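Hello,

Here is the structure I promised to pass on. Please open it alongside this email; my notes follow below.

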Amino acid sequence: MSTSTSSVTGVDATVTGEDTTVTDQDATETVRLTNGLTCALPADSPLAKLLRSQRTWAGPDAKARLKLLREAKSVAIVGASPNTARSSYFVGTYLQQSSDFRIYFVNPNATEILGQPAYPDLASLPEVPDIVDVFRKASDIPQVIDEVVAVGAPTVWVQLGIWNQEAAEYGESKGLNVVMDRCIKVEHARFHGGLHLLGFDTGQITARKTLR
């Protein structure tokens with residue numbers, strides 16, 4: 001299953017995603033051109049925004065994403081890294097410190113992340129997670145979806161900067177809730193009035209009392 005391709009001023013480009021950044025403001029997207037070359041673009045660049053504007057799959061709206069987060073009790077981070085410079089480490093730190101989720105880290109090449117055991121795969125977790133948060137390249141998402149379906153987890157959440165529309169549609173066809181190209185840390189923080197934490201200087205999504 002291949003990643004979705006968009007045509008921009010006559011040049012075919014595929015957004016595949018890249019997990020190499022420390023903060024979400026600096027997230028990059030890798031664009032593969034028809035000549036086989038790739039280049040990393042800032043997620044907020046005009047080209048990256050144009051590619052996103054041409055997408056035909058939107059996923060759950062804000063109200064639905066809030067419901068997913070409010071109902072979840074556990075989150076498994078697939079592609080979690082013990083490297084403090086990786087986005088997955090930053091997100092894991094936030095979720096440990098600023099949420100009530102039970103957090104599990106999945107990385108077959110690590111034994112411990114953020115003081116917790118790292119598991120080789122989803123099937124090895126002590127429980128079925130409510131949300132599987134994915135830090136893997138776009139071409140890996142279909143395989144991850146198959147693993148999510150196999151363990152019975154209801155939701156796959158693909159991180160900011162990672163996009164595979166065919167995989168999103170495939171996941172939905174398997175009965176999954178699919179969120180893609182959104183940071184679970186940012187979404188949790190904006191719904192709980194915490195975007196000022198850990199380097200974010202914004203307020204909450206509404207002026208109403210923080211939801212718990």
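**A buried histidine, and what surrounds it**

H188 counts as buried, at 5% relative accessibility. The cut-off for buried is under 20% relative accessible area. One caution before going on: this is a predicted model.

H188 sits in helix α6. Leaving aside residues up to four places away in sequence, H188 touches L69, Y94, S98, S99 and F101.

**The helix around H188**

How many of the eight residues of α6 are buried? Seven are, so α6 is largely enclosed by the rest of the structure. The buried ones are I184, K185, V186, E187, H188, A189 and F191. Their packing partners are α2, α3, β5 (74-78), β9 and β10.

**α3 against α6**

Two packed helices are described by the angle between their axes and the distance between the axes. For helix α3 (residues 87-98) and helix α6 (residues 184-191), the angle is about 30 degrees and the axes are 9 Å apart. The crossing of α3 and α6 is left-handed.

Which residues make the contact? From α3 come F90, V91, Y94, L95 and S98. From α6 come I184, K185, H188 and A189. By type, the contact residues of α3 and α6 divide into six nonpolar, two polar and one charged.

G92 is also in helix α3. G92 counts as buried, at 0% relative accessibility. Its C-alpha atom is separated from that of K185 by 8.5 Å, and G92 and K185 are 93 residues apart along the chain. Not counting residues up to four places away in sequence, G92 touches I77, F105 and L114.

L114 lies in the loop between β7 (112-113) and β8 (116-119). Is L114 buried or partly exposed? It is partly exposed, with a relative accessible area of 23%.

D181 is another residue with a positive phi that is not a glycine; its phi is about 60 degrees. D181 is found in the loop between β11 and α6. D181 is buried, with a relative accessible area of 10%.

**Helix α2**

Helix α2 (residues 62-71) has R65, L66, L68 and L69 as its buried residues. Seen down the axis of α2, they fall within an arc of 160 degrees, so they line one face of the helix. What do they pack against? The partners are β9, β10, β11 (177-179) and α6.

**Helix α4**

In helix α4 (residues 141-151), the buried residues include I141, P142, V144, I145 and V148. These cover an arc of only 155 degrees around the axis, which puts them on the same side of α4. The buried residues of α4 pack against β9 (131-134), β10 (155-158) and α5 (165-173).

E147 is in helix α4 too. E147 is partly exposed, with a relative accessible area of 29%. The C-alpha atoms of E147 and A123 are separated by 8.0 Å, and these residues are 24 apart along the chain. After α4 comes G152, whose phi is positive, near 90 degrees.

**The chain as a whole**

Now the totals. The chain has six helices and eleven strands. It runs to 212 residues, and 49% of them count as buried. The chain exposes about 10200 Å², and carbon and sulfur atoms supply 50% of that. Take contacts between residues at least 6 apart in sequence: 57% of them join residues at least 24 apart.

**Where to start**

Begin at H188 in helix α6. Then follow the contact to α3, where Y94 and S98 take part. From there, turn to α2, another helix that the buried residues of α6 pack against.

Best wishes

Notes: Residues are numbered from 1 along each chain as its sequence is written. This is a predicted model: local features need pLDDT of at least 70, side-chain atom pairs count only at pLDDT 80 or more; totals for chains, interfaces and linings use all residues. Side-chain values use heavy atoms; hydrogens and water are left out. Axes are lines fitted to C-alpha atoms, for helices over the stretch in contact, and angles run from 0 to 180 degrees between N-to-C directions. Helices (H or I, at least four residues) and strands (E, at least two) are DSSP runs, numbered from the N terminus. A crossing is left-handed if the near helix is turned anticlockwise from the far one by less than a right angle, and right-handed if clockwise. Contact means heavy atoms within 4.5 Å. Ala, Val, Leu, Ile, Met, Phe, Trp, Tyr, Cys and Pro count as nonpolar, Asp, Glu, Lys and Arg as charged, and the others, Gly among them, as polar. Buried means under 20% relative accessible area, exposed over 50%, partly exposed in between (1.4 Å probe, protein chains only). The arc is that of the directions from the helix axis to the C-beta atoms. Accessible areas come from the Shrake-Rupley method with a 1.4 Å probe; for residues, only the protein chains shown count as cover.
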